[in-house]
Amino acid sequence: MSNTTHHTTQPKPGQPAQPATHVKRAWAEPFKIKMVELLKVTTREERVAALQEAGYNTFLLKSDDVYIDLLTDSGTNAMSDVQWAGMMLGDEAYAGSRNYYNLEQNVQKYYGYKHLIPTHQGRGAEHLISRILIKPGDFVPGNMYFTTTRLHQELAGGTFVDVIVDEAHSSENLNPFKGNVDLKKVEALIAKVGAKKIPYISVAVTVNMAGGQPVSMQNLRDVRALCKKHGIRVILDATRAMENAYFIKVRESGYADKSIPEILHEMCSYSDGATMSGKKDLLVNIGGFLAINEWDVFEEARNLVVVYEGLHTYGGLAGRDMEAMSRGIVEACDADHLRARIGQVEYVGERLLQADIPIVKPVGGHAIFLDAKKFLPHLKQTDFPAQALAAELYLESGIRAMERGIVSAGRNKETGDHYYPALELVRLTFPRRVYTQAHCDVLVESVIEVFQNRQKIKGLKMVYEPKYLRFFQAKFEPIA
Ligand SMILES: *Cc1c(COP(=O)(O)O)cnc(C)c1O
């Protein structure tokens, strides 16, 4: 294909990206539909009322008032018939459920870690590892913050330090691995505070807050080598590790012929353990785990999980949930699944770029991020432009997105001022195996409509602010 008039979203190192038309047919879903869930289409008047009641926060909308729900890819996946069949095989014993052992086996087989602690979801695992490894006054470097990850580090007395490459903060830069850790930043932190004050580095694969950008295998290898030299652990946030593995397969030289399980295994081999939200990669509606190689850390986690989640062989999950997650590991590692999953996101990205809509490039694995600063240049960051844009998109079409900007970033606990993230984004997140290409077309048309009328969009003021993770429950009003 040599049609150079097409925009491109997915670069390959050392060569220009293929026009996305090249892959259009390739992402056809590797499944057919056996059961459907009916959607409700609302009127504009109904949406105006619903949005006002929700305080202009899409998190506070009732899902019944939403047409296409792109709030999150967390727990919104459609399970397969094989997973549902597994639900019927739940062994709801209090202790030693067979589904725990099935899950343990698949975690060992696919991720390669030795020990498993199930948790009710990802943040349960983050809580445990933060409590166990972080002492007050410690520093925890990470490739961009994630909301719950950073909060648990802070609650344990640690300070999060962002060590992601600078390119991640630009929505234009086409680096294929914008999730990479900047080793110089890690070295600078070690020089400043000393390795003893750094219990571990948390490496997210892919990086949610940077737009689902992946980390390269080379970078993981380099991080491992540096940390080993200084006796610092590497803990993966493996929430979207399989999507990251897919990006390595298609973008990093030397991996095209490797299978996803082989790549995943190698990625995890450069770490000591992982926190995991099964609600993303693993195609379930609830579940997560902590996986760890060190016996001492495992032992402590096994003690603590009983206090906070449940016995160490269920960690807050029903047996059936563990079975669905265990089976989800196998399905999520399928290259055709990942290709369709990421292909759908690329399809929408491509169409939005063709319409000159400002989005984060390259398109990441689980979401399209609208660049609200470029979309609404007439608004100040303290007018909450991304929040306002998400609200407008809902009014226009009943599509639910979420803010990933100044509201999500929260406040600096020292100064009390907002954090001012460089990127002010609206996230359109794609549940796995849920929406069709026609839904994607409706989405594209709606975003274009909002873009054409963007001058009319006003900023918001915050009228209620919760103490923690304010983006979930904050309320707003339009600026008069
Ligand atoms: C969702 C998510 C988490 C937290 O997991 P929950 O299951 O929502 O508690 C942690 N890290 C990343 C990157 C996530 O996307």
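Helix 12 (residues 335-354) passes helix 16 in a right-handed crossing, where right-handed means that the near helix is turned clockwise from the far one by less than a right angle. This is a predicted model, in which local features need pLDDT of at least 70, side-chain atom pairs count only at pLDDT 80 or more, and totals for chains, interfaces and linings use all residues. Residues are numbered from 1 along each chain as its sequence is written, and side-chain values use heavy atoms, with hydrogens and water left out.

The two axes (lines fitted to C-alpha atoms over the stretch in contact) come within 10 Å and cross at roughly 30°. That makes helix 12 roughly parallel to helix 16 (angles under 35 degrees count as such). On the helix 12 side, Gln344, Tyr347, Val348, Arg351 and Leu352 take part; they meet Gln437, Cys440, Asp441, Leu443, Val444 and Val447 of helix 16 (heavy atoms within 4.5 Å).

Now for what's tucked away in helix 16: His439, Cys440, Leu443, Val444, Ser446, Val447, Val450 and Phe451 are buried (under 20% relative accessible area, 1.4 Å probe, protein chains only). They cover an arc of only 165° around the axis, so they sit on the same side of helix 16; the arc is that of the directions from the axis to the C-beta atoms.

Helix 14 has eleven of its 13 residues buried, so it is largely enclosed by the rest of the structure. After helix 14 comes Gly398, with a positive phi near 75°.

Definitions and conventions: Buried means under 20% relative accessible area, exposed over 50%, partly exposed in between (1.4 Å probe, protein chains only). Helices (H or I, at least four residues) and strands (E, at least two) are DSSP runs, numbered from the N terminus. Axes are lines fitted to C-alpha atoms, for helices over the stretch in contact, and angles run from 0 to 180 degrees between N-to-C directions. Angles under 35 degrees count as roughly parallel, over 145 as roughly antiparallel, 65 to 115 as roughly perpendicular and the rest as oblique.
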